[in-house]
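Let us walk through this structure by question and answer. Have the sequence and the model at hand.

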Amino acid sequence: MTNENGSTDRETAQDDERGEIATDGAGSATDSEFDPVEVFPETEEMDLRPGADDCYKCSTCDTACPVAEVDDEFPGPKFQGPEQWRLKRQDDHDIDESVMKCSNCMRCDGACPSSVPLSQMHNTARGEYVEENMSKLSREYLRNRMLANYRRLAPLAATFPRTSNFVMGLAPVRWLGEKVLGVTSEREFPDFATETFREWWRKRGGAKVESDEKRIAYFHGCYANYNTPEVAKALVRVYEQFGYEVMVPEQRCSGTPMFANGMLADARRAAETNVSELAAAIEDGADVVASCSSCSMSIRQEYPELFDLEGVEDVAANTWDAVEYLQVHEDLLGELEGTSVEAFDDFAYHAPCHARNQGLAGQTLEVLAPIDGVEVEDVGDSCSGISGTYGWKEENYETSMKIGAEMFEHMESAEAESGLTECPTCSMQMGHGTGYEITHTLEVLEAALVGDR
Ligand code: SF4
Ligand code: SF4
């Protein structure tokens, strides 16, 4: 209620209380006399109100959203974030189902001039929508749960990799996957490696370099372990070349596909293991490095935003992208000067959205420039469109390909017939849209710095 001075009763009561404190005794407040004013009621739920109130509705985030650009029905990040948050403060508002159309590319985070925590709002809203509004028996829920928990299915497929690759490549199996589960049949499933990275690591006998001063804990994630161990091996060899002791701690999925599918309880369980294992490695003197941009993004940003786990801030602060870490801690450019590679030709390079979000958009171009025999051409700042599990869903496939169209076009007009990126699913999309072989930056660094395997 507003009083005759134009203040609300609550404001007047607070002013009176502050006045009492200020003029009490000697005329100044003391710690023992301070009685904090509870402006907002206590809540167990995450409070993103300050972020929502920072939004001044400029719509810059909407113009940066690749989904909104090609899908007129998607209301965009401003609605998914601050507007929905304001509505949600009214008790009877349900989260709008359109939040499931957000691909979690996180481009809107970097676009907002007011630092509104958009992706945090989207992740929280998506989690609430799945928990409260999505039937746990629906095809969508079961499909999303399966896609989000790739880490649980991969060990089974990796036990019989050749059989798995053969069966999953059969057209009738892909057709069934679409009809029964809603996983698009347009894409080919990625092959499982005949030997996982962790199997290779065990057979190898672990680290070849020991060092108390230079030590890293490698978060390889699921894809480099089960599908592209050559990327993980390249990281090990490059870091050992620089004299690092490489640790490979126990780990679970980074949680990226779980966030994108609103499976926050699954993501939290994975984060509990990862934070505890990585915190122990940091205690042992290691810094954490990841070869996948989405894994480093998840540990650095999403974990501390969403989970109040012991050590989570420390783990986030000590986690790096693998190439970024060498750029900062070593004379990487100096070491690469005068090197050359024969194993690779020129590349069309796509910087993943999650690398951009970490300020790493130009890193690969800079790092590979001194190497002879390889020209790297940037294909621009468009999104690849696949965004992890998003482009694997039948209903998103077309949107995903529309988003990727600009990247495909730029790749095909570049003076290269191979692609380069640091994100596993961007890599799938690049290969799918152009037919090119796709390489990881670490493999090129390995070829230049270490030579043949
Ligand atoms: S995370 Fe990406 S898809 Fe989702 S609202 Fe933001 S920009 Fe759009
Ligand atoms: S860019 Fe930021 S301030 Fe502008 S509408 Fe989006 S959330 Fe609001």
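Two strands pair if DSSP finds at least two bridges between them. Helices (H or I, at least four residues) and strands (E, at least two) are DSSP runs, numbered from the N terminus. This is a predicted model: local features need pLDDT of at least 70, side-chain atom pairs count only at pLDDT 80 or more, and totals for chains, interfaces and linings use all residues. Residues are numbered from 1 along each chain as its sequence is written, while chains are lettered from A and ligands numbered from 1 in the order in which they are written.

Q: How many bridges join strand E3 to E4?
A: Strand E3 covers residues 287-290. E3 and E4 run parallel. One bridge partner pair is Val288 with Thr319 in E4. The number of bridges joining E3 to E4 is three.

Q: In what order do the four strands of the open sheet lie?
A: Their pairing is parallel. The edge strands, each pairing on one side only, are E2 (245-247) and E4 (319-321). The order is E2-E1-E3-E4.

Q: Which helix supplies the largest share of the shell around ligand 2?
A: The ligand is surrounded by 15 residues, with Cys55, Cys58, Cys61, Cys112 and Val116 the closest. A residue is near a molecule if its C-beta atom, placed from the backbone, lies within 6 Å of it. Helix H3 (60-64) and helix H5 (77-88) each supply at least two shell residues. The largest share, three residues, comes from H5.
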